[in-house]
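Please look first at the sequence and the structure shown below, and keep them at hand while you read.

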There are 2 protein chains.
Amino acid sequence: MNNPWFTQPGTDEGPVLSSRIRLARNLRKYPFHQKLNASAAAGMVAEISGAVPSDFYKLDMQSLSEAEQKVFLEKHIVSPEFLRWDLPRGLMISNDQNVSVMLNEEDHVRIQSVRPGDALADALATANAVDDAIEATLEYAFHTEYGFLTACPTNTGTGLRASYMIHLPCLERTDKFKTLLPAISKFGITLRGIYGEGTESMGGIYQISNQTTLGKTEEEIIQVLQNMTRKVIEHEGHAREKMLTTHRADQENIIYRAYGVLAYSRKITTKEAMDLLSEVRLGYLYGLLDRPRPTKTIYQIMMEIQPGHLQRTAGREMDETERDYARAQYLREIFV
Amino acid sequence: MNNPWFTQPGTDEGPVLSSRIRLARNLRKYPFHQKLNASAAAGMVAEISGAVPSDFYKLDMQSLSEAEQKVFLEKHIVSPEFLRWDLPRGLMISNDQNVSVMLNEEDHVRIQSVRPGDALADALATANAVDDAIEATLEYAFHTEYGFLTACPTNTGTGLRASYMIHLPCLERTDKFKTLLPAISKFGITLRGIYGEGTESMGGIYQISNQTTLGKTEEEIIQVLQNMTRKVIEHEGHAREKMLTTHRADQENIIYRAYGVLAYSRKITTKEAMDLLSEVRLGYLYGLLDRPRPTKTIYQIMMEIQPGHLQRTAGREMDETERDYARAQYLREIFV
């Protein structure tokens, strides 16, 4: 299916690929997930489904193939925990693909909104609209002093996680990068590889997000995240300027070779392809690569070479080696 | 100048790129090079020049640019020693570029003949014709028991060195390769990298040649060389078959990636380019690479990316970095 849910918002216009808002909410009348049994979970999921605006499509998690589940994971629409969960769950996605709601993840409700580029305010407005719609018929667990109550205390307060997906191909190679993480974490901001903590960084793509929500307003959280993101992007810009001043020709060589390998390889791992795509994206962005741009964004291509996406496209399970061939073929069709 | 002397005989039809014969001769009336002074050397060079067939072009070594000298070195037409020599020297090349004569190298006369592919008999006949022409007017240092006398005893006897330039991209990666050298050396045959002893092997190209000439006839020397070369090529064939049976897809991946890097790199060293060209040659030869063949042979391209050739084409001296860029550009124009 050419489902828009399988496309990924993102731009090739600058370091910021996309903006994301996530709201964590729980219903007052149900226990938190630690204490929730199957029948209560089923009732809760049904109730929230009814409260979500009617233009949302409800996906039956049980009927999704493993590849399709992986696709949602690779797109950050669902969490690994959510897929492993054995109680009744639900996943609802708006037809315009901008918002999704996980029902009975760690919290009863997880609203996520993603927008291409730097558009956190838009993403927040969209998420808030869904939040308001649910709240219009159901009562959230809310404490006047603490704010929204959540299964994990780190989300208590606004229940808000705001994040940007950013591309830092030049900064990640510098020593500066190592000192940056402790510096921004003092402001409650964290920087992780594209697939979260503990996963290897790939393709120079990082998520920058707030770590805590308690005792802050939504506006404050977003303000601090934006300030820190601006700082990080400034550092990326400095690293890039320095690189283009002192090693422009070397960098062009790296970028063109990356293009050559993407255009010709017969077998390629996710990690290598991501790193080469990162170089090519840098090449397009800063005029270092004189080749036609693909019609898809590089970020979209980065998603589509992930294992789940590849298997969904093939319509079958593939082992790692088969995927490495399928990935190379997919890339050859794009970069010719 | 588009001089045919700057093209290099070679084929892309199989493992044997070219066949080479070298005859070492000295004139009876002049001392060997260890005892030769400048005026005697000048006289000797003049005398031999007169005896070489008149369709040979005489190059003035002093008037050749450093790049042109390097070109002859890269083509194995002259030796490094010959270029360093400060006594009068001479280099004569037939207009059909099949034979060259170094005057006053280690020996007074070094006749070399090169033919594309497996054509040692042709090369020998051509060299012998020049040898006969010189001998018709000048007397060689010849001993009825030892044969032709030479400056270095290893060349005494027939004064013949026969060699093939062969491409062993599959064999060189195997353990077999290491045991092969001692095995063939028992038969007085040696295998060296494209630029001789002490130089790193590049592009899977090797010279296989006889090491001694004393006590053997020309026919025996050539026979043993041909037998040993056939053995080596058989081993290359086994290694290739094994590789194509068990790792065909991996090998195709390597070959296509090599093509991609040759087609796109902006900067490339001689060594890397040679190794990638080796893969591409393998790809063309065994139908693993579905890309149009360049009009030049891969061996010719391998010569033209050498430092001297590149500088001669550019018409100026270039430092290593400049050459790496020029080499990449040259290759991009061939592989598109």
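Which residue of chain B comes closest to the rotation axis? That residue is G260(B), whose C-alpha lies at 2.1 Å from the axis.

## Basis of the model

This is a predicted model, in which local features need pLDDT of at least 70 and side-chain atom pairs count only at pLDDT 80 or more, while totals for chains, interfaces and linings use all residues. Residues are numbered from 1 along each chain as its sequence is written, chains are lettered from A and ligands numbered from 1 in the order in which they are written, and side-chain values use heavy atoms, with hydrogens and water left out.

## How the two chains are related

Two copies of a chain are related by a rotation about an axis and a shift along it. Here, chain B is superposed on chain A by a rotation of 180° with 0.0 Å of shift along the axis, and the RMSD is 0.1 Å; the superposition is by least squares on the C-alpha atoms of residues with pLDDT of at least 70 in both copies. The two copies are thus related as by a two-fold rotation axis. Both copies use the same surface, since 100% of the contact residues of chain B recur in chain A, where contact means heavy atoms within 4.5 Å.

## Helices α2 and α10 of chain A

In chain A, helix α2 (residues 66–74) packs with helix α10 (residues 307–314) at an angle of about 140°, and their axes are 7 Å apart. Helices here are DSSP runs (H or I, at least four residues), numbered from the N terminus, and their axes are lines fitted to C-alpha atoms over the stretch in contact, with angles that run from 0 to 180 degrees between N-to-C directions. α2(A) and α10(A) are therefore oblique to each other, a word kept for what remains when angles under 35 degrees count as roughly parallel, over 145 as roughly antiparallel and 65 to 115 as roughly perpendicular.

The contact joins A67(A), E68(A), K70(A), V71(A) and E74(A) of α2(A) with P307(A), G308(A), H309(A), Q311(A) and R312(A) of α10(A). By class, these residues divide into 3 nonpolar, 3 polar and 4 charged, where Ala, Val, Leu, Ile, Met, Phe, Trp, Tyr, Cys and Pro count as nonpolar, Asp, Glu, Lys and Arg as charged, and the others, Gly among them, as polar.

L310(A) also belongs to helix α10 of chain A, and with a relative accessible area of 5% L310(A) is buried (under 20% relative accessible area; exposed is over 50%, partly exposed in between, with a 1.4 Å probe and protein chains only). Although L310(A) and V71(A) are 239 residues apart in sequence, their C-alpha atoms are 8.8 Å apart in space.

## Helices α4 and α6 of chain B

In chain B, helix α4 (residues 120–137) and helix α6 (residues 218–246) pack at an angle of about 150°, with their axes 12 Å apart. That makes α4(B) roughly antiparallel to α6(B). On the α4(B) side L120(B), L124(B) and N128(B) take part, and they meet E218(B), I222(B), L225(B) and Q226(B) in α6(B).

## Two further buried residues

R327(B), in helix α11 (residues 320–334) of chain B, is buried, with a relative accessible area of 1%. Beyond four places in sequence, the residues that R327(B) touches include I268(B), A273(B) and L310(B).

S278(A) has its place in helix α8 (residues 270–285) of chain A and counts as buried at 3% relative accessibility.

Definitions and conventions:
Helices (H or I, at least four residues) and strands (E, at least two) are DSSP runs, numbered from the N terminus.
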